Amino acid sequence: MTPLRVVFMGTPDFSVPTLEALVQAGHNIVGVYCQPDKEKGRGKQVQMPAVKVAALAHDLPVYQPVTLKSEEVEAELRALEPDVIIVIAYGKILPPWLIRLPKYGCINVHASILPKYRGAAPIHYAILNGDTKTGVTIMHMDDGLDTGDIIDVETIEILPNETTGELFERIATLGGTTINPVLERWVAGEIIATPQDDIKASHTSKITKDMGLIDWNSPAFEVANKIKALNPAPGCFTFINGKRLKLWMAESLEESSSVQPGTIVAITADSIDVATKDGILRLKEVQPDNKKRMSAGDFSRGHQLKVGMTFGE
């Protein structure tokens, strides 16, 4: 296809494969927009967003406005004269004038099968809810939040015991392999976008650290899903002997127990089995505060855990 004048809008490493795919396809990337650099870590070191790092490696012009609502930014974007704007995990809501600016519209790469999981954390919620498949939706943006007409959908299976971090990488790659073939057909007029069925829509809220606290009165499969969903960030945690313990890997067992939820019912060389409201949760990898990750068995030996002790206290 004839190279397009593309403005790319994205910020985290999740967005990079799509940017790289557009570059490799030979499109004229006239501007890359991402969030401003931020201080991170205890040392308050200023770090560039992953998209900025990738853009600079290709000598692409980078823009990092604090807001898109200023007259200066509007003039800047209009001067770039994009044929299309590609948006993936940018982190800002686009104003109506910008959505209508390009000839071929603003195209969003969203990490779910829309209209399911609109909003900020679709990958987390797919794992949190125990879904078996997900994918990316290429969407023609409108003024709503993830409500635009669907151009194309590509699906993948969610693997057993897959964490959000692992699924992020696979969906990011899927976005990169999907964008160019879909964009070519879209520009050629070979695709008619399909309106979403709002009745089937579901929405995701932002993931917070507080969500990581384990409720042992939940069914074992829900706890296992939460541990996978919040890995690597913000992570799940519980307490034992008054001390915080992060939980990184676990699986639910079909066995049942009549003891109080949170009670240790078995300890093996590499795991700890804990009673829940419905079923047994087998802890496999944990992390005490200020320590490295370790097998649950190693943790139990180092802290002299015994059957009958209770988590959550």
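What covers the buried residues of helix 7? The cover includes helix 5 (122-128), helix 6 (164-187), strand 12 (236-240), strand 13 (243-253) and strand 16 (280-288). Contact here means heavy atoms within 4.5 Å. Helices (H or I, at least four residues) and strands (E, at least two) are DSSP runs, numbered from the N terminus. Buried means under 20% relative accessible area, exposed means over 50%, and partly exposed lies in between (1.4 Å probe, protein chains only). The buried ones are A220, V223, A224, N225, I227, K228 and A229.

A word on the model itself. It is predicted: local features need pLDDT of at least 70, side-chain atom pairs count only at pLDDT 80 or more, and totals for chains, interfaces and linings use all residues. Residues are numbered from 1 along each chain as its sequence is written, and side-chain values use heavy atoms, leaving out hydrogens and water.

Find strand 7, residues 106-110. Here 5 of the 5 residues are buried, so strand 7 is largely enclosed by the rest of the structure. Look at its two faces. On one side sit C106, N108 and H110, on the other I107 and V109, and all are buried.

Two strands pair if DSSP finds at least two bridges between them.

Strand 1 (residues 5-10) and strand 6 run parallel, joined by 5 bridges. M9 stands opposite V87 of strand 6. Next, 3 bridges join strand 6 (residues 84-88) to strand 7, and these two also run parallel. V87 stands opposite N108 in strand 7. Then comes strand 9 (residues 133-140). Strand 7 and strand 9 run antiparallel, with 4 bridges between them. The bridge partner of N108 in strand 9 is M139.

Next, look at charged side chains. Side chains of opposite charge can pair when their charged atoms come close. A salt bridge is a side-chain nitrogen of Lys or Arg within 4 Å of a carboxyl oxygen of Asp or Glu. The whole structure holds 9 salt bridges.

One of them links R78 and E74, with the closest N and O atoms 3.0 Å apart. Both residues sit in helix 3 (residues 71-80). They are 4 residues apart, so about one helical turn separates them. R78 is partly exposed, at 39% relative accessible area. E74 is partly exposed too, at 24%.

Another salt bridge joins R301 and D298, at 2.5 Å from N to O. These two lie 3 residues apart in helix 8 (residues 296-302), again about one helical turn. R301 is partly exposed at 48%, and D298 is partly exposed at 41%.

A further salt bridge joins R170 and E162, at 2.8 Å from N to O. Are its two ends buried or exposed? R170 is partly exposed, with 29% relative accessibility. E162 is buried, with a relative accessible area of 5%.

Rings of Phe, Tyr and Trp (its six-membered ring) pair if their centres lie within 6.5 Å; planes under 30 degrees apart count as stacked, over 60 as edge-to-face and the rest as tilted. The structure holds 4 aromatic pairs. Among them is F14 with F168, an edge-to-face pair at 5.4 Å centre to centre and 75 degrees between the planes. F14 lies in the loop between strand 1 and helix 1 (16-24), while F168 lies in helix 6, so the pair ties together parts 154 residues apart in sequence. F14 is buried at 7%. F168 is partly exposed at 29%.

The rings of F237 and F239 have centres 6.0 Å apart and planes at 90 degrees, so this pair is edge-to-face. F237 is buried at 9%, and F239 is partly exposed at 29%.
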